[in-house]
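Please keep the sequence and the model at hand while reading.

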Amino acid sequence: MIRFENVTKIYPGTSRPALRDVTLEVTKGEFVFLVGASGSGKSTCLRLVLKEEKPSQGIVRVAGKDVARLSSWKVPHLRRTIGVVFQDFRLLPNKTVFENVAFALQVIGKPRHAIAHTVPEVLDLVGLAGKERRFPHELSGGEQQRVAIARAFVNRPSIVLADEPTGNLDPATSIGIVRLLDRINRTGTTILMATHDDDIVDQMRKRVVELEDGQLVRDQDRGVYGYAR
Amino acid sequence: MRLQFILSEIGIGLRRNVAMATSVVLVTLVSLFLLGLGFLTQRQVATMKDYWYDRVQVSIFLCGQDSNVASCANGAVTQAQKDQIMADLQSPQLAGYVDRIYYESKQEAYDRFKVQFKDSVLSENVTVDQMPESYRVKLKNPQEYKVVAQVFTDRPGVESVEDQNQVLDRLFALLNRLKYYSWGIALVTLACSVLLVATTIRLTAFTRRRETGIMRLVGASNLFIQLPFILESMIAAAVGAALASAGLVALTHFEIQGRLAHSLRFINYVNVTDALVIVPWLFVVGLVIAGVSSFLALLRYLKV
């Protein structure tokens, strides 16, 4: 589903590579934790998958296609198959919960009746049924992140990327969020989650890929957070 | 569905940015009005030129029934006199100066007068007999007017010899200068328009960066993201063009046809139809400029 083949990324203006010769494969339906210290290259990996950045060397493949070779008018189609969740939620403050989730469907041209049908369904899935008319600032952090997940998932993408989704949340709420992602994973969606949160990683016992200074140092099924030496 | 979404985004954008939208409308209004004014002036010059203006330099008017000039003491011009004039025009002495000779009968003069002054009060009261017969001469060198004119001035049968261009030339020079000044200022204000549209786009793109960021993330197509911005600018430009057109038509109707045509009656003026012909061009220019400059500004200020 996602494949990195000897990928190196050097941001312009820096000499140190953000990613150094990373080779990684994530198959369909997997749940992978991407761990590492700040600056180890976790966010860069996710951006490369989304084609927010292009690799300086190597190939990034999503669903078999070389992402760098995609023409710029095809990139939106790629992004429709990928849902993204961020640490800061990235909701639109002037829209209600319903409207925020519906936005993802509106901008790709789904008709109103389809939206009226799908959005309540996915809000129910994330546990926010009944909160459609609230505004983001009226919700707790955990609830806002659920809205973000609902938005990421409403299009039934094949991949969901999560960039430190629990970064702004307390431990109890965090585990709830990751369990939600796990439920989504069980519907067949591939999940790649970058995180700092060692508790979560230890609890979930999923595949762990560790980056250090841009290099892939560990790739372990049913792994734990702790640094391997 | 998509259309409705885009329309609502445009509505929100215009409402949020009323001040900037208004300034785009006003600058477009001024620049397109001046552009239209230049065209109108050009049209006026064309309207004032009669059939012969561009074709000949010397007009030899022959005596009619009622001429009270000395050379017409014996009444209307005779055939013999006409033949003599023709012979002289074709003679070797004048061959070096004369390029072409035309003859215009009273009926032809009447028909042409009717066409040129079709909207004016004048044309209704004129009869065929009141029109002069004339020989019209195209010169090889327009500057040599005097040489030819001298031969025929004061000759019996000839009422007058005129270089009609002379009077009108000065007026046309004035009108042309007006046109160029108009267009000069129009150009400057169009440049303002372009810059203003670009600045508005930059501001709007910045204000809406959260929305556009999420639109990009969620996979909205580039065109879908850019379209509301471009359409906003084009709508503002269209409103400006509409106001400029209304202004131009009102000017023509009220000032030119309303006031000038009644005070200075011997000139043919542009009318509302002439102004209406210019209107579509104002829209084209306004919309194209708004569309292109907003597209280019988006390329620069909106990351896609």
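Is the crossing of α2(B) and α10(B) left-handed or right-handed? The crossing of these two helices is right-handed; a crossing is called left-handed if the near helix is turned anticlockwise from the far one by less than a right angle, and right-handed if clockwise.

## Basis of the model

The model is predicted: local features need pLDDT of at least 70, side-chain atom pairs count only at pLDDT 80 or more, and totals for chains, interfaces and linings use all residues. Residues are numbered from 1 along each chain as its sequence is written, while chains are lettered from A and ligands numbered from 1 in the order in which they are written.

Helices (H or I, at least four residues) and strands (E, at least two) are DSSP runs, numbered from the N terminus.

## The helix pair in chain B

Helix α2(B) spans residues 18-48 and helix α10(B) residues 272-301; their axes come within 10 Å and cross at roughly 140°. Axes are lines fitted to C-alpha atoms, for helices over the stretch in contact, with angles from 0 to 180 degrees between N-to-C directions. The two helices are therefore oblique, the term for angles that are not under 35 degrees (roughly parallel), over 145 (roughly antiparallel) or 65 to 115 (roughly perpendicular).

Among the contact residues are B:Leu32 and B:Phe39 of α2(B), and B:Ile278 and B:Leu282 of α10(B); contact requires C-beta atoms, placed from the backbone, within 7 Å.

## The sheet in chain A

In chain A, four strands form an open sheet in the order β2-β1-β4-β5, with antiparallel pairing; strands pair if DSSP finds at least two bridges between them. The edge strands are β2 (19-26) and β5 (65-66), each pairing on one side only.

Strand β4(A), residues 57-62, pairs with β5(A) over two bridges, and A:Arg61 stands opposite A:Asp66 of β5(A). Helix α1(A), residues 42-50, packs on the sheet and touches β1, β2 and β4 of chain A.

Notes. Contact = placed C-beta atoms within 7 Å.
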